[in-house]
Amino acid sequence: MPQLPQINSVKAPDRAVVQATRSRRLPWLNIPLVVVVALLVCYGLVVVYSAVYGDPDYSFPRQAGLVAAGSVLMVVLWRFDYRSLSDFTMLFLIVNVVLILSPHIPGLGTDAGMGSQSWIKLGIQVQPGEFAKITVILLDASVAARYGGRLDDVREYLKALGIMLIPFACIMTQPDLGTGLVYLFIAAVALVVGGARPKFLLITLAAGIVAVACVFALDEVLATRNPDGTVQYKLLKNYQRSRLLVFLDPELDPTGDGYNLKQAQIAIGSGGLFGKGYMQGSQHALNILPEAPTDFIFCVLAEELGFLGVMALLVLYVALVLVCFRIAHAAGDLFGMLIVMCSVGMWLFQILENIGMTCGLMPITGIPLPFISYGSTGTMMNFAMLGLVGSVWAHNIQKR
């Protein structure tokens, strides 16, 4: 692979002038990253407190402690020079494979339910696939950066694509389709920002659609029909098929995933404009809403704080994305830009998928809502990525 491109010192003044001009036109984009993050995290803790209140399976002090620990991790990575990571492509690949496959180690992995082997026991349960999002971003960014923004050779494109698909292949052995989709979206962002030809991307997308159709067709052929009328599929778990099909027709599973979707929609709709009041949500209080502190926490927010509460969350998300875009635009190297853009892509996909699934606009998955959902692994991962984004900020924008 070619070496990473050097920063073009001739174009640096022009970039600085353009950035200064845009900053004058849109001064509100200069909101520091740490302010947006602080507001978003505090808002998340407020919602989590209501979602876990009175539930013995969850602990708000534990979540608050994780936020504090994550903040320390963010500061440490913020001060770290991200540019020293650009040449460790093979190391990132190895770490990804080890992390994602670790739940298969006997005595270490634990069943996450419904046949998914996604967690390991280290005193507490940890989901390595979540932590691997960090190394997936670093892997994809380091691979794409090596082509200097022009990935127009078909052999090099296939090589880069093949490397980026390895984490997805590993995560599907668990299987964890939701996390796998996040990996795919990160790879797509890396390829687009990395300069892959549009023709290559369209062909890849078409091939992916055909592959999905083939998986469903082959699964029907290989399926085992039991005497009691149930069907056991080989390639996709029954619950995975159910979630995808319920997205198309909720009546297919009125007591399972279809029921969960209906309850989520009732919670969101009942919030109205101002909501029922903080900690006054009936769907959650009566244990009707499934996985309220994690997968369906958006429903808790919408029911209790209403449309205005939802808009406040979306404003904070938009602010985070815009600040990150500014950091990516001002990055002095392609590797830094890719880290920021892949992080934004990951957050955007998770936001759209999590909110979309509660509204019936996306298939139901176990993807958490960034900075809002309860959970140790996801919380630490998000803070780590904020630290790397902050590192790009600290070593580019703040020095100008």
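**Reading the labels in this model**

User: What makes Trp347 buried or exposed?
Analyst: Trp347 has a relative accessible area of 3%. Buried means under 20%, exposed over 50%, and partly exposed in between, with a 1.4 Å probe and protein chains only. So Trp347 counts as buried. Keep in mind that this is a predicted model, where local features need pLDDT of at least 70, side-chain atom pairs count only at pLDDT 80 or more, and totals for chains, interfaces and linings use all residues. Residues are numbered from 1 along each chain, and side-chain values use heavy atoms, leaving out hydrogens and water.

User: And Phe371, buried or exposed?
Analyst: Buried again: the relative accessible area of Phe371 is 12%, and the cut-off is under 20%.

User: Why is the aromatic pair of Trp347 and Phe371 called tilted?
Analyst: Rings of Phe, Tyr and Trp (its six-membered ring) pair if their centres lie within 6.5 Å; planes under 30 degrees apart are stacked, over 60 edge-to-face, the rest tilted. Here it's 5.6 Å centre to centre with 55 degrees between the planes, so the pair lands in the tilted group.

User: What does that pair tie together?
Analyst: Trp347 lies in helix H13 (residues 334–359) and Phe371 in the loop between H13 and helix H14 (376–394), so the pair ties together parts 24 residues apart in sequence. Helices here are DSSP runs of H or I, at least four residues, and strands are runs of E, at least two, numbered from the N terminus.

User: How do you know that the charged end of Arg197 sits over the ring of Phe200?
Analyst: The rule wants NZ of Lys or CZ of Arg within 6 Å of the ring centre and within 35 degrees of the ring normal. The charged end of Arg197 is 5.3 Å from the centre of the Phe200 ring, and is listed as sitting over it.
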